[in-house]
Amino acid sequence: MTTLHEPTATATATAAAADLSVWPASTTEPLRGALAVGGVPLAEVADRFGTPVYVLDEAEVRDRCRTYRDAFPDAEVLYAAKAFLCRAMAHWTAEEGLGLDVCSAGELELAVTTGFPPERIVLHGNAKSPHDLDTALRLGVGRIVIDSPAEIARLAAAVGPDGHQKVMVRVVPGISAGGHEKIRTGTGDQKFGLSISDGYAQHAIARILDQPQLELTGLHCHLGSQITGVKPYLVAVRRLVGLMSRLHEQHGLVLPELDLGGGHGIAYRPGEEALDLTALARKVRAELADACATAGLPVPRLIIEPGRAIAGPAGVAVYRVLSVKHTGEHVFVAVDGGMSDNPRPALYGVRYAPRLTGRHSTAAPARVTVVGRHCEAGDVLAADVDLPADVRPGDLLAVPVAGAYHLSMASGYNLVGRPPVVAVRDGLARLLVRRESLADIRSRDVGL
């Protein structure tokens, strides 16, 4: 007979599923305490490729691309490359029918030389260099998002009197949204875009219209990152359509495109809120149709730019424990990575849910702080988390939701080298990006 102190098999299975709710859908536990992703045990990946290592589930990436295509069948979906880009990622997203959103010549060149169609790429950024613009024009990028008045004349000159380039204008709708003040980009007190409220956006658009070689195709906005509610996007639709209406009255302009950016929030730990993609698609579509009908405008084609929501949940970071230190009431579990491969906890206070993998522990959980190997007190990967009390050097810790803004923001701090990226699918693992070696680091140092 089941007692109050003995969970049923169903309850145990439900609890286990909840523990894996933020992991890739392919995550299993074929042996107790030993997690596998894409049919490949994480311990096997660690042994073969070393640690730290980023593990990327190809099937999860592709499935998330398809989910966006299904939710927004009439929209153009651009993968935001800044979240994470490598040649394989560009290849997967292209095969799944997505376009690409890049913010540098480096991202653009890597994608195009991989075979990504340049006409399906949008270049944006608040301070594009002459090299960025020249590369975009040379490679035939689809659209360039103008972010400041200075870019208008610079781009027009680069295009030349007989050239042609499609452009958009990034506008600031005056909406505060996002998971942290450092990733809120829809208000006038940050570096991106041109404000609607003070008239800078309208003035820039008038200047663009005076440049015959620049074809203005639409408005662009990006409210921020880690947005978990639909309402900010609906407010943005109303304000941008309002601007489109004024542009129609002043210039007879009918813009065929409206880019709402990305910033779609995901859960990093079980139980956290994430943006409801189905609700977003349904409500944005209805809001856009209603606002355009009221303004007497045709409905523009919607563009969205998910990055984190595609790459983030598809990635897992695996570390090896180097030491366990008891200091007063605190227990510090130090691993062989840290803020050089994941600066997000230090930058934004992001919280993760690491798990012991590679062995089964029967020890009771203990409250610990997982820290990195770098010479900073702020080098903390996961503060106040529960791990088995017998965690020890040599153990493996796996951190889910590590596919976005990890390698792309990795640094050379303490010259430890950036980790490799390994793709897993159908029981096979293959190297996508090799580990940065000491030879790589030495080769860049050319002077005495």
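In the predicted model, Lys325 touches His330, Val331 and Phe332, leaving aside residues up to four places away in sequence. Lys325 is part of strand β14, which spans residues 315-327. The residue is exposed, and its relative accessible area is 51%. Exposed here means over 50%, so Lys325 qualifies at 51%. Arg392 lies 67 residues from Lys325 in sequence. In space, the C-alpha atoms of Lys325 and Arg392 are 9.8 Å apart.

The overall fold was examined next. The chain contains 13 helices and 21 strands. Its radius of gyration is 24 Å, close to the 22 Å given by the globule rule for 448 residues, so the chain is as compact as a globular protein of that length. Along the principal axes, the C-alpha atoms fill a box of roughly 75 × 70 × 45 Å. Of the contacts with a separation of 6 or more, 69% join residues 24 or more positions apart. Buried residues account for 54% of the 448 residues. The accessible surface comes to about 19700 Å². Carbon and sulfur atoms contribute 53% of that surface. Charged side chains number 45 positive and 50 negative. The centres of these two sets lie 1 Å apart.

In soluble globular proteins, nonpolar side chains tend to be buried together. In this model, the largest nonpolar core has 133 residues. Phe72, Met89 and Leu219 have the most contacts inside this core. Helix α9, residues 231-251, supplies the largest share of the core, with 10 residues. Apart from this core lies another, of 5 residues, which includes Val122, Val145, Met168 and Ile303.

Leu219 touches Met168, Val169, Val171 and Ile205, among others, with residues up to four places away in sequence not counted. The partners of Leu219 also include Leu240, Leu243, Met244 and Leu247. Leu255, Glu257, Leu258 and Asp259 are touched by Leu219 as well. Met89 belongs to helix α4, residues 87-95, where Ala88, Met89, Ala90, Trp92 and Thr93 are buried. Just after α4, Gly97 takes a positive phi of about 90 degrees.

Backbone geometry was then considered. Most residues other than glycine have a negative phi, and most peptide bonds are trans. Gln226 has a positive phi, near 60 degrees, and is not a glycine. Gln226 sits in the loop between β11 (214-220) and α9. This residue is buried, with a relative accessible area of 17%. The cut-off for buried is under 20%, so Gln226 falls within it at 17%. Leu415 also shows a positive phi, near 55 degrees. Leu415 is placed in the loop between β19 (396-400) and β20 (421-425). Leu415 is exposed, at a relative accessible area of 52%. The peptide bond from Thr51 to Pro52 is cis, and its omega is near -10 degrees. Pro52 lies in the loop between α2 (42-49) and β4 (53-57).

A cysteine was also examined. Cys375 occupies the loop between β17 (365-371) and β18 (380-388). Cys375 is exposed, with a relative accessible area of 62%. Leaving aside residues up to four places away in sequence, Cys375 touches Tyr413 and Asn414. Asp74 is 301 residues from Cys375 along the chain, and 50 Å separates their C-alpha atoms.

Methods. Residues are numbered from 1 along each chain as its sequence is written. This is a predicted model: local features need pLDDT of at least 70, side-chain atom pairs count only at pLDDT 80 or more; totals for chains, interfaces and linings use all residues. Side-chain values use heavy atoms; hydrogens and water are left out. A nonpolar core is a set of buried Ala, Val, Leu, Ile, Met, Phe, Trp, Tyr and Cys residues joined through side-chain atoms within 4.5 Å. Buried means under 20% relative accessible area, exposed over 50%, partly exposed in between (1.4 Å probe, protein chains only). Helices (H or I, at least four residues) and strands (E, at least two) are DSSP runs, numbered from the N terminus. Contact means heavy atoms within 4.5 Å. The radius of gyration is taken over C-alpha atoms; the globule rule is 2.2 Å times the number of residues to the power 0.38. Accessible areas come from the Shrake-Rupley method with a 1.4 Å probe; for residues, only the protein chains shown count as cover. Lys and Arg count as positive and Asp and Glu as negative; His and the chain ends are not counted. The place of a charge is taken as NZ of Lys, CZ of Arg, CG of Asp or CD of Glu.
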